[in-house]
Amino acid sequence: MGTENPNRANTSQGLSANPFAPPRNNMPISSNPVVQSEAPAFRPTSVPASLSTVPSTSSTTPFSFPGPTVGTGAPGFRPMPPGRPPPSYGPPTTTPIPPFQSSNIGQPMVPPGQHPPMSTSLNRQHQIPPVQMGSPPQSFYSGSSNSNPPMSFQDSAYSASRPNMHQPAPLTGPPYPGPLRPPPPPPQVSYKGGYVPPQPTISTPFSSHQGSYNQAPPAATSSGPYVGNSAPPTGGMPSLVEDFSSLSLGSAPGSFDSGLDTKLLPRPLDGDVEPSSFAGMHPMNCDSRYLRLTTSAIPNSQSLVSRWQLPLGAVVCPLAETPDGEEVPIVNFATTGIVRCRRCRTYVNPYVTFTDGGRKWRCNICAMLNDVQNDYFASLDATGRRVDLGQRPELTKGSVEFVAPAEYMVRPPMPPLYFFLIDVSISAVKSGMLEVMAQTIKSCLDRLPGSPRTQIGFITFDSTIHFYNMKSSLTQPQMMVVSDLDDIFVPLPDDLLVNLSESRAVVEAFLDSLPSMFQDNVNVESAFGPALKAAYMVMSQLGGKLLIFQSTLPSLGVGRLRLRGDDLRVYGTDKEHALRIPEDPFYKQMAADFTKFQVAVNIYAFSDKYTDIASLGTLAKYTGGQVYYYASFHSVIHKDKLRHELARDLTRETAWEAVMRIRCGKGVRFTSYHGNFMLRSTDLIALPAVDCDKAYAMQFALEETLLTTQIVYFQVALLYTASCGERRIRVHTAAASVVPDLGEMYRQADTGAIVSLLARLAIEKSLSYKLEETRSAIQLRIVKSLKEYRKLYAVQHRVGSRMIYPETLKYLPLYGLSLTKSTALRGGYADSQLDERCAAGFTMMALPVKKMLKLLYPSLLRVDEYLMKTPTVSVADEFSKVCKRLPLVAESLDSRGIYIFDDGLRFVVWFGRMISPDLARNLVDEDSSTDFSRVSLTERDNEISRKLMGILRTLREADASYYQLCHLVRQGEQPREGFFLLINLIEDQVGGMNGYADWLLQIHRQVQQ
Ligand SMILES: [Zn+2]
């Protein structure tokens, strides 16, 4: 449904009729025919459907792990293959939980007929005869006989028989310089003035200048030669303070006599600081939690754009959570119909102007003069403002939600629908995942949005696929097993998806018995692909959310995956990026099909071995979903995290069958979109489900050489079905001034938005290029930007060799460094496990600005004093002192202290070597003090423990989107300390990766050249 005006006469022209739609040939998307209209994507493969024979775990299945991968190391961390250099901070070698290399692995699976007890009407001995319903929908727009067809866009969003798959780099526009040649960057432009790669002499830390971070700088420089031998960096330029900040970083290029007091380096210890200019100049703008621009000063010319070396764009979080009392007002135009511009379809907003006594209104986006309908008419007062302004939130608020009338739907609004696809193979059972998951879902049944319309259904799978009849008249669900993986069909199509209120008893009975049903399952296979197709067939009538619980690498049928990424030699070659994208097109095709039918896919992956997150995550990436990765899940360790995150996923307010478009004023157009979604046309983002934890980024460009307007307006419109069944349009509007001056662009820059966009571009780039090239590109962007800035000011203000940067971008270099050290982008083979790396990438693509910044520069808090002290003033005052963030350097750690590291995804609680025994005794068992990997922090019966747990609780409540699992680490306990904490102290020089001071010096040197 999508289109926001399906009944308009010109709808068949749709987007092309929109004067602001980007021309087709500028589509930021690939035109690869990803989806065929005839659904041939699911050719049976040659895997034999084994009903009565025991499938062998032959050497071609991914389960015949060669020696090195079946390790004795800690779950989740594959041991190094022989010959691999150890990482600087490898995974801990202590083993909290024995891995599940149970002796069952490799044994034959459960013989036919021995399968779970619930099978009443059917069991796996019988092949279920195909029923009509089973065949997959043949074509999305073939006028199918489906009486309740999936929504389609007026301009036939899928008419090209290829959903415009959003294809990340290298075709998506200008974010990064093109492919770099093997002798890696810094490439092109900036250095033609004679950049000479420094000699790789040992005396300088810049031998890694060209982006080769693998090379560890010499030890002699690693401990901070910059500390304490410098003059204060700012004197002498008070008059310039408003223009820029500066650091004294040393003298001529090539020299190394820098004086740099690391204590004075800029650090975002207050977290995300939003620029005041966004709302300051245009007070009716929507709140920045919904929309942020990389700069609120829009360049007025192409030449200005080309000098602005940073991304020009926006980050949008359309459903961001609001503080209590600040809900977005809901406006119901009822019979009037929603007031929109006749020409460009902009929604009425605070920036439209009324004229002609109130009979006309001028569109702020395209300047069209529209008639005011009679029933929307109000006269104007002496200042030209409508007299009813006080009752018109749509004319005073930057964010409103319109109730959409019937013309905004082509079918009745869908009910909230949750479908679960659950791996029940041996590893899912043994890890405890099945039990925690079933309990959590059961506990959330009362809180699923949309009661009493909510629908629910389940499929489980191992080497076969198990369907469950949940009809309300039953007392127990009936299980049906389908073992023909080549020709999937759906038995009993009507009773697999049921109304939760009506079938509540059956659903609860199912969830109660699920763990025991499979408790003796020894099946090691995974028919994931065929099961996925089955889920698709069940869901395609309605759409909804598909939650996948995956423990075993898909091994049978279509979509089976193989072990890859274990080859050290691939890293650093042109083939490296291929490990980070799906090998089998099956996953992308399935994602495209799911999106078509309004299904959003969330992946929960739990494997203790390689599980190809790159492929599985594709399902979430293109359906607006999310990837949750619990490496080596074991319920003892991870149950709270899974419970919390699954519960949030199930109960957070969700917008269904949504599409989003961002419009902007004449002369400007959006050129590329970045995040987890699929584009349905040049500028329409398809989001089968969307919630408050998802953000999207986009870049824009000028269409004209020179902008003549003074202000550019942006309007985000999200058309969706609310869980209550109402069709709504959430609209956010903002204005930004057009400027002729690069300095003004810098003054109104927003580091948070820039970093969020840069991060997404970098992740996309890493899917097509080497990690090293990606990191270099980040650095190059920063260098170019500061170089341009320097050109503005250096000469006239005689800054000499000082490093200068705009106050608004003072944290940009540090965030850039963090990005190169993030799990998704850092190092090489040994520095992040491949699945972890890919999962981190999928996560970052969706993060809202504040969460992104928190992940890149986490909090480090010292808490021991607070724990020991009896509060003298007030608890709140004491606590606010605790929340003082510290620089992310090892020097911040005092061995008499206890610290909490919090990146929004996990906690690390660090115990200094010399903390008072009393403190330690009150927090953890003495006898476990030898091995912290086996200690979990729980609340004990004493004040100190209660206080510590209270802090953790408060930190978790501050942002509930993820649950921070707590890892305890003791000073000097290697490799745990290094793996969990030291490598994340991103200002330090660790494992061959730059420290902050080195990084700044490198950047400064390149800027000066
Ligand atoms: Zn207009």
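This is a predicted model: local features need pLDDT of at least 70, side-chain atom pairs count only at pLDDT 80 or more; totals for chains, interfaces and linings use all residues.
Let's take the helices. H13 covers residues 751-766 and H14 covers residues 771-797; the two pack with their axes 9 Å apart, at an angle of about 150°. That angle makes H13 roughly antiparallel to H14, because anything over 145 degrees counts that way. As for handedness, H13 and H14 cross in a right-handed way.

Which residues of H13 and H14 make the contact? On the H13 side you'll find Leu758, Leu761, Ala762, Lys765 and Ser766. H14 brings Leu771, Glu773, Thr774, Ala777, Ile778 and Arg781. Sorted by class, the contact of H13 with H14 has six nonpolar residues, plus two polar and three charged ones.

Now for the sheet. This one is open, has three strands in the order S6-S7-S8, and pairs in antiparallel fashion. S6 and S8 are the edge strands, so to speak: each of them pairs on one side only. On average, and ignoring direction, neighbouring strands here are turned by 35° against each other.

Here are the strands at a glance:

| Strand | Residues |
|---|---|
| S6 | residues 353-355 |
| S7 | residues 360-362 |
| S8 | residues 369-371 |

Notes: Residues are numbered from 1 along each chain as its sequence is written. Side-chain values use heavy atoms; hydrogens and water are left out. Axes are lines fitted to C-alpha atoms, for helices over the stretch in contact, and angles run from 0 to 180 degrees between N-to-C directions. Helices (H or I, at least four residues) and strands (E, at least two) are DSSP runs, numbered from the N terminus. Angles under 35 degrees count as roughly parallel, over 145 as roughly antiparallel, 65 to 115 as roughly perpendicular and the rest as oblique. A crossing is left-handed if the near helix is turned anticlockwise from the far one by less than a right angle, and right-handed if clockwise. Contact means heavy atoms within 4.5 Å. Ala, Val, Leu, Ile, Met, Phe, Trp, Tyr, Cys and Pro count as nonpolar, Asp, Glu, Lys and Arg as charged, and the others, Gly among them, as polar. Two strands pair if DSSP finds at least two bridges between them.
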